[in-house]
Amino acid sequence: MARAALSGRLSWQFGRVVELVEETARTKSLVLETPARQGHRAGQHVDVRLTAPDGYQAQRSYSIASGPEDEHLVLTVERLVDGEVSPYLVDELRPGDELELRGPIGGYFVWEAALVGPVLMVAGGSGVVPFRAMLRHGAALGSDVPMRLLYSSRALSDVIYGEELMRLAEREPVEVHLTLTREWPDDWAGPRGRIDGPLLDQVAWPPPQRPLIYICGPSGFVEAASQTLVQRGHDPSRIRTERFGPSGQ
Amino acid sequence: MSPVSRGFLGRRRPVEDPSRVPPGQYVTHDFPVLSAGPTPHTPLEEWSFTISGEVAEPVSWTWEEFLGLAAESPTVDIHCVTKWSKLDTSWKGVSVDALLGNVESEAAWLTAWSDGGYTTNLAVEDVTGGKAWVAYEYGGEPLEPEHGGPARLLVPHLYFWKSAKWVRGLTLTRDDEPGFWENYGYNNHGDPWLEQRYQGD
Amino acid sequence: MEELDGNAIAGQLVEVFGRDMTRAHGACAHCGTESQLAELVVYPGGPGTVVRCRACGNVAFVFVTVRQTTCIDVAGFALDVIS
């Protein structure tokens, strides 16, 4: 049996909370100042570790919401009903507090302008977070890579970064499509209901154009979207997924 | 050593009755779902429960036969090695005493095995004398697949990884053979009151 | 417990291997399917973290943290390069 036992090599560092931004009733962005502001790649995440007075620790991963060019590192956190870490981050954390962080981490769910596009981003709920980093990165570079975001949200009041996404979509190569699954205004002209085959056909580039596809959201959402895209003829090797669950290391 | 995160306590609350909660555990009111793999969905007509290994004659029950065995309804406290404890959980199932009463064996150990490939090792004396069941109801309802249904082992006096979900059989063994987590460094016995988490504890 | 992708354990992988491993390739020891570590299925939150092949469900590797030391058993997955 091959076993490797090694002590930790990626060090934890501190981020100081500069500002907390309420995005929705359940979601806040944590604006952090980190000492050695190493650049991150759009789509990466960081691990956050909390320590109780008796030494008990809890650790979770959060996608980075800021672009690589932004001054501060931003995490956007949704409060989960039975969560242990997210209620603390959303309700308890104050400016000036320090958070223990590890990262940025991950080389898979990452977008860089050098990758051959076009780019389709499929988000379920707070799965939109890493896509803000990618869209901001594209905007900062003035990239002409076509990018389409298909964002599924329960209701308009749950939409994170709504105004900013509309602004980002003013750029020529960017489109943002929002579908509402539970509640919509009477005059809502956009798509209603969960992301399905017909909606993906409408928004995605056809498979022969080989879009690079990123899907981020809860496990069930990602599974359904990726299976539908593969059934529609998209190459699985062009699809990158990031599932998140209520818990995790 | 990490500094304390101001105001962070975790999900834990002060333990009201320390006589019921082993050291280092906190009491939870929900029922966390922990799995080492996908949830199997074995159709009941294909389900069976088998006792084999170091026995004179292996014995096996179909689902219908299993439901026909004399059942007990224990209410017990359970303790997970990930530090949650849940008090007063009510189950219905067949005692392991009753099941092992159908085979002749001198073996002192057994391996519980499950759909999906999970295994865990136990001493026969830890699952006899009214200490263990194969449970198929929880809280008066059929045991849900995410919690181990159609049937799981229930050994409440040991850490809950010993209470194998989706259990399909017991293999009696001459020696104590490490199961899935035990093979990766978890304790062969797993007594929460002695905090037997890892090998050597 | 919901299933996650291999990128969810990027931090643990860095802890063990000293660098990002999510793009590292390897083959399932059971069915031979090749994948990047980020494409494997992760079951977190139990006594350890179990990582399985997305094609056949075989255990690719297991992380267990015993007394502050993280051990990884990679018996079920042939990594192309361990440097």
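**Figure 1. Helix α5 of chain A and its buried face.** In this predicted model, A:F221, A:V222, A:A225 and A:L229 of α5(A) are buried, where buried means 20 or more other C-beta atoms within 10 Å of the residue's own, exposed means 12 or fewer, partly exposed lies in between, and C-beta atoms are placed from the backbone. The four cover an arc of only 95° around the axis, which puts them on the same side of α5(A); the arc is that of the directions from the helix axis to the C-beta atoms. A:Q227 and A:Q231 are exposed on the other side of α5(A). The buried residues of the helix pack against β8 (119–124), α4 (197–203), β11 (212–218) and β12 (239–244) of chain A. Helices (H or I, at least four residues) and strands (E, at least two) are DSSP runs, numbered from the N terminus. The 13 residues of α5(A), 219–231, should span 18 Å at 1.5 Å a residue, and the end C-alpha atoms are 18 Å apart, which agrees; the expected span is 1.5 Å times one less than the number of residues. A:G233, with a positive phi near 100°, follows α5(A).

Residues are numbered from 1 along each chain as its sequence is written, and chains are lettered from A and ligands numbered from 1 in the order in which they are written. Local features need pLDDT of at least 70, side-chain atom pairs count only at pLDDT 80 or more, and totals for chains, interfaces and linings use all residues.

**Figure 2. Helix α2 of chain A.** Of the 13 residues of α2(A), 10 are buried, including A:F131, A:M134, A:R132 and A:H137. A:G142, which follows α2(A), has a positive phi near 65°.

**Figure 3. A:M121 and the largest nonpolar core.** A nonpolar core is a set of buried Ala, Val, Leu, Ile, Met, Phe, Trp, Tyr and Cys residues joined through C-beta atoms within 7 Å. The largest has 132 residues, of which A:L75, A:M121, A:V122, A:L149, B:V134 and B:A135 touch the most other members. Strand β6 (residues 59–66) of chain C gives the most to this core, with six residues. Beyond four places in sequence, the contacts of A:M121 (C-beta atoms, placed from the backbone, within 7 Å) are A:F131, A:M134, A:M147, A:R148, A:L149 and A:Y214.

**Figure 4. Surroundings of B:P74.** The loop between α1 (63–67) and β4 (75–79) of chain B holds B:P74. This proline is partly exposed, with 17 other C-beta atoms within 10 Å. Not counting residues up to four places away in sequence, B:P74 touches B:W91 and B:W133. B:K131 is 57 residues from B:P74 in sequence, with 9.8 Å between their C-alpha atoms.

**Figure 5. Backbone exceptions.** Most residues other than glycine have a negative phi, and most peptide bonds are trans. The bond from A:G103 to A:P104 is cis, with omega near 5°, and A:P104 lies in strand β7 (residues 98–105) of chain A. Another cis bond joins B:G149 to B:P150, with omega near 15°. A:Y161, a residue other than glycine, has a positive phi near 60° and counts as buried, with 23 C-beta neighbours inside 10 Å. C:R67 also has a positive phi, about 45°, but is exposed, with 9 other C-beta atoms within 10 Å.

Definitions and conventions. Contact = placed C-beta atoms within 7 Å.
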